[in-house]
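Please study the sequence and the three-dimensional structure shown below.

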Amino acid sequence: MMDDAMETGNLGPYQDRPRTFPNMRSKTTTPMMFRVLMRMNIRVLFVLLFLGFGAIYYIGASTSPIIVFVFTICIISFILSIYLTKWVLAKDEGPPEMVQISDAIRDGAEGFFKTQYGTISKMAFLLALVIFGIYMFRPQQESSGIGRLTSASITVFSFLLGALCSGMAGYVGMWVSVRANVRVSSAARRSAREALQIAVRAGGFSALVVVGMAVIGVAILYATFYVLLGVDSPGSMKVTDLPLLLVGYGFGASFVALFAQLGGGIYTKAADVGADLVGKVEQGIPEDDPRNPAVIADLVGDNVGDCAARGADLFESIAAEIISAMILGGTMAQRCKIEDPSGFILFPLVIHSFDLVISSVGIFSIRGTRDPGVIGGIMEDPMMILQKGYSVTIILAVVTFGLSTRWMLYTEQAPSAWLNFALCGLVGIMTAYIFVWITQYYTDYKHEPVRKLALASSTGHGTNIIAGVSLGLESTALPVLVISVSIVSAYWLGQTSGLVDETGNPTGGLFGTAVATMGMLSTAAYVLTMDMFGPIADNAGGIVEMSQQPESVREITDVLDAAGNTTKATTKGFAIGSAALASFLLFSAYMDEVATFAHTTFAQVDIAIPEVFVGGLLGSMLIFLFSAWACAAVGRTAQEVVNEVRRQFIERPGIMDYKEKPDYGRCVAIVASASLREMIKPGALAVISPIFIGIVFRILGYYTGHPLLGAKVVAAMLMFATVSGILMALFLNTAGGAWDNAKKYIETGALGGKGSESHKAAITGDTVGDPFKDTAGPSLHVLIKMLATITLVMAPIFL
């Protein structure tokens, strides 16, 4: 139809014509597993589900009543998430032009997801074969009572299951966001509160599924290995050694999350930078304007970069934290000769089960109608509403944490130990709350730092960049002080809990820090809900702008989008804080594992040994090199997008007058192929470096008579990489978030508003901050934990 009109020259004004958007789907993009389930007869599906749940409960009942409790809570949360999906999907999608834009976004996102995860799955299978080979030729682990083949098979199976679940967590995040965005846009035509509620409930569905899958995945693995290996029966493995078999699950999850975050981050930010530089700065058209050829690619990027990647990121955070806490709980119970150690081992699973319950209450506390007492015409601040829900969740977390420690951690040997551990949990919960507050202070334009940054834009592009970099550098100080206080205080509370080993030495310190990490992550489902809210609101704003809705509707989505920017930044702050604590746990778990394999004490690493110091230097270098490659990948891909958008504006001058249609599909194709190509190099660097360094120094140690040299060098590398990575991620995330919100602040009408010189300088800052906050920064959270899980899985080859 468009072609006929162009032939006759009868185009008419673009706004009056039916707005059609390209179908980017070449073939079905639903993963095969979901396609098979959809085609199945409903009765057959129910029978299979009934048998599956029966088997899970049978294994759980054979292991521990605590596992049955965990299974029950997870299944209830899955049922609740189905209710949330039905509620969201029952909302209307708005006028046809909105639906067409939403379909184009969905096609692009699902197409990229399928290709990206196809590439990741091939790499995962290749790595699984490598792990199998290493475990077949490694030193025997006599103490566990299992052979090499069993050990290799268990680790590979755990790795692949972790990778599969991490991929599913990412898919669920993206699946809901590409369907909720248009419903939020449509609701914004009626009321801001309804739009907010839809975005929160859509995010809540994703969060409950992600956290529930992380918990039930570890619980099923634990129970299955417990039954199959006959744990605690005479001559077989002790229950305190069982958590060491789960490390493959954490590695699989972080392996997929790293590539998902890299690929998605490169995609979303290359499209965003390209769209902003040409559209806003050169052509002077608004954000998400339908005349911009890169706009659909930008909106697709929000889903694959923010929703899918963040789902996989938080999934692996929780999985890694649960497994490392189980290892430390088991080790401590063994040293203290506690009669029934299952409480200490299964405690993390119970805490995260309660997380699902309290976060659900927080999600449902956000209603679709205004609070009584709010003055008529004034629009409520979405951030305040989300904060109220977070406060409800925090209060419930304190209560459930106290009850859980009394139930799980009470032991006759130290009757008051549970109280100390409850206080450790409180330290973690307070750390999470303070972290969210600090990030908000540095990234929300209601506060002074962002306003100062916006003011720096009024004197030019250079001053904006200087102010943003200095803000990012300064923002690392408070979080580091908070992490330091929380680690030391939790360790001290654990040490003074009264739990002692055979020689009378206190041993609860490390488990105290593990409990603090659980406390920090005990509201993870609600925090992930707030995070998912961001890209859904961003997409909704894009759909409203592209379908040219009235200004009043765009004002509502703008306010939601600004709140979403802040929630995304606060979640990144939360993620890096929990990564710091979890890495400390994983590091301690690595030391424990090396001691188990080497049959010797391995309690400290001396950095005065030259080789060990070099390992530390290499660890710090890895962080900088990885960040450089991730940012460079965005820069290169953005250049391709900029050239393509400029070419279309030159070759199709009618685009600016709405007389010609931009070719959106071309930009989508450019960023999709480039991001898949560019994610390999930094990802491979992260996976190969620790293994290579460990093997080189192991060989060096063999010839110089230092059998533990390889393990010590890797430990130093892990320590230094964690410290550098935390600081670098804090800098990148906060600077990027502040630049973005300084631009948003100017767009509210401050300092000359949209189109002014200040606005152009702020856009430059925002484009510099894009790869910081959405590619390199979030990838570093995953990298820190992946280095730790790789060393846990590969520890035997460093000895």
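Isoleucine 670 counts as buried, because its relative accessibility is 8% and the cut-off for burial is under 20%. The model in which this value was computed is a predicted one. Isoleucine 670 belongs to helix H20, which covers residues 664–678. Once its neighbours within four places in sequence are set aside, isoleucine 670 is in contact with Glu640, Val641 and Glu644.

Is methionine 430 buried, partly exposed or exposed? With a relative accessible area of 47%, methionine 430 is partly exposed, because that class lies between the limits of 20% and 50%. Methionine 430 and valine 482 are 52 residues apart in sequence, and the distance from C-alpha to C-alpha is 9.7 Å.

The interior of the model may be considered next. In soluble globular proteins, nonpolar side chains tend to be buried together. The largest nonpolar core here has 273 residues, and those that touch the most other members are Tyr222, Phe255, Leu349, Phe421 and Tyr590. Helix H7, residues 192–228, supplies the largest share of this core, namely 24 residues. For leucine 349, the contacts beyond four places in sequence are Ile67, Val70, Val215, Val218, Ala219, Ile322 and Met326.

The axes of helix H10 (residues 342–364) and helix H16 (residues 509–520) come within 10 Å and cross at roughly 15°. H10 is therefore roughly parallel to H16, since angles under 35 degrees are placed in that class. The crossing of H10 past H16 is right-handed. On the H10 side, Phe344, Phe347, Pro348 and Ile351 take part, and they meet Phe511, Val515 and Met518 of H16. The contact of H10 with H16 comprises 7 nonpolar residues, with no polar and no charged ones.

A further pair is formed by helix H17 (residues 524–546) and helix H18 (residues 551–598), which pack at an angle of about 145° with their axes 7 Å apart. H17 passes H18 in a left-handed crossing. In the contact of H17 with H18 there are 12 nonpolar, 7 polar and 6 charged residues.

Conventions: Residues are numbered from 1 along each chain as its sequence is written. This is a predicted model: local features need pLDDT of at least 70, side-chain atom pairs count only at pLDDT 80 or more; totals for chains, interfaces and linings use all residues. Side-chain values use heavy atoms; hydrogens and water are left out. Buried means under 20% relative accessible area, exposed over 50%, partly exposed in between (1.4 Å probe, protein chains only). Axes are lines fitted to C-alpha atoms, for helices over the stretch in contact, and angles run from 0 to 180 degrees between N-to-C directions. Helices (H or I, at least four residues) and strands (E, at least two) are DSSP runs, numbered from the N terminus. Angles under 35 degrees count as roughly parallel, over 145 as roughly antiparallel, 65 to 115 as roughly perpendicular and the rest as oblique. A crossing is left-handed if the near helix is turned anticlockwise from the far one by less than a right angle, and right-handed if clockwise. Contact means heavy atoms within 4.5 Å. Ala, Val, Leu, Ile, Met, Phe, Trp, Tyr, Cys and Pro count as nonpolar, Asp, Glu, Lys and Arg as charged, and the others, Gly among them, as polar. A nonpolar core is a set of buried Ala, Val, Leu, Ile, Met, Phe, Trp, Tyr and Cys residues joined through side-chain atoms within 4.5 Å.
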